[in-house]
Amino acid sequence: QLGSALARIDALHAPHPATPMSAFFGAFLGLGGLSFGEVLLRSSGVAPSNTLLFVGSFGALSTLLYAAPAAPLGKPRNTFYGHTISVLIALAVHLLLRPLLGAVGVVLPVVLERALTPALAIGAMVLFKVPHPPAAACVAIYATLGDVGQQTVAYLLMPVLVGCAYLLLVQWVVAAGVRCLAPTADGSAPALMQTLKEQLGS
């Protein structure tokens, strides 16, 4: 049942032939939307001034989604489950293991945490068969955040799951655009242009 539930989410996958233009527009819309959204949230007073929506690992995720949209590691299943597993491990290390070790007089150095967290995440993703490189980068970033207010359980929701969902939505939009503008099977005008000509001619 778990396997079928994991597979169901891949219905959201939107692979398409990548071109330099589609990759550029996908990455620009995806990363630009997150960057603008973060600034808007911080300045509006709706969210704390240290709210995160844009993290560096989303650049790697954008490369998968828009430059290699058919790559198995970029499927929604790997994206969502890989990030969720990885961030839960990061939260467990930082918010549970670190205080427990501190209670017995053992300090977990940051230099060790930022290696241990992604290493555990990578091992867990392989165990659950949902490897996803940007997820490991995402928790490496978490381990090195300088603001403790950003290292809370909210990190899983935002930036992580909200950001992943938005970038996958942009992939859908890009895929739809590529399909509309791609030439037909016989090499004639793009499907969208053919439709417009038919409508204008009728």
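The model is predicted: local features need pLDDT of at least 70, side-chain atom pairs count only at pLDDT 80 or more, and totals for chains, interfaces and linings use all residues. Residues are numbered from 1 along each chain as its sequence is written, and side-chain values use heavy atoms, with hydrogens and water left out. The secondary structure of the chain comes to eight helices and zero strands.

**Overall fold**

- Read from the N terminus, the elements run α-α-α-α-α-α-α-α; helices (H or I, at least four residues) and strands (E, at least two) are DSSP runs, numbered from the N terminus.
- The chain has 202 residues, of which 36% count as buried; buried means under 20% relative accessible area, exposed over 50% and partly exposed in between, with a 1.4 Å probe and protein chains only.
- Among contacts in the chain with a separation of 6 or more, 71% come from residues 24 or more positions apart; a contact means heavy atoms within 4.5 Å.

- Helix α3 spans residues 57-67, and its buried residues are Ser57, Phe58, Leu61, Ser62, Leu64, Leu65 and Tyr66.
- The cover over these buried residues includes α2 (20-44), α4 (76-103), α6 (133-143) and α7 (154-181).
- α2 and α3 pack at about 145° with their axes 9 Å apart; axes are lines fitted to C-alpha atoms, for helices over the stretch in contact, and angles run from 0 to 180 degrees between N-to-C directions.
- The α2 and α3 crossing is right-handed; a crossing is right-handed if the near helix is turned clockwise from the far one by less than a right angle, and left-handed if anticlockwise.
- On the α2 side the contact involves Ala23, Gly26, Ala27, Gly30, Leu31 and Leu34, which meet Phe58, Gly59, Ser62, Tyr66 and Ala67 in α3.
- The residues of this α2 with α3 contact divide into seven nonpolar, four polar and no charged; Ala, Val, Leu, Ile, Met, Phe, Trp, Tyr, Cys and Pro count as nonpolar, Asp, Glu, Lys and Arg as charged, and the others, Gly among them, as polar.

**Packing of α4 on α5**

- α4 packs against helix α5 (residues 110-127) at an angle of about 145°, with an axis separation of 9 Å, and the crossing is right-handed.
- From α4, Gly82, Ile85, Ser86, Ile89, Ala90, Val93, His94, Leu97 and Arg98 meet Val110, Glu113, Leu116, Thr117, Leu120, Ala121, Ala124 and Met125 of α5.
- The residues in the contact of α4 with α5 comprise eleven nonpolar, four polar and two charged.

**Pockets**

- The largest pocket has a volume of about 210 Å³; on a 1 Å grid over the protein atoms alone, a pocket is an open set of points where a 1.4 Å probe fits, with protein on both sides within 12 Å along at least five of seven lines, and lining residues have an atom within 4 Å of a point.
- Grid points are joined across faces, edges and corners, and a volume is the space filled by probe spheres set on the points.
- The largest pocket is lined by 13 residues, the closest to its centre being Ser22, Val174, Gly177, Val178 and Leu181.
- α2 and α7 are the elements that give two or more residues to the lining of the largest pocket, and that lining divides into nine nonpolar, four polar and no charged residues.
- The second largest pocket has a volume of about 170 Å³, and its lining residues include Pro48, Asn50, Gln150, Tyr155, Met158 and Pro159.

**Selected residues**

- Asn78 is in helix α4 and counts as buried because its relative accessibility is 4%.
- Leaving aside residues up to four places away in sequence, Asn78 touches Pro72, Leu73, His83, Val130, Pro131 and His132.
- The peptide bond from Met158 to Pro159 is cis, with omega near 25°, and Pro159 is found in helix α7.
- Lys129, in the loop between α5 and α6, has a positive phi near 60° although it is not a glycine.
- Most residues other than glycine have a negative phi, and most peptide bonds are trans.
- Lys129 counts as exposed, at 63% relative accessibility.
- Pro109 lies in the loop between α4 and α5 and is partly exposed, with a relative accessible area of 35%.
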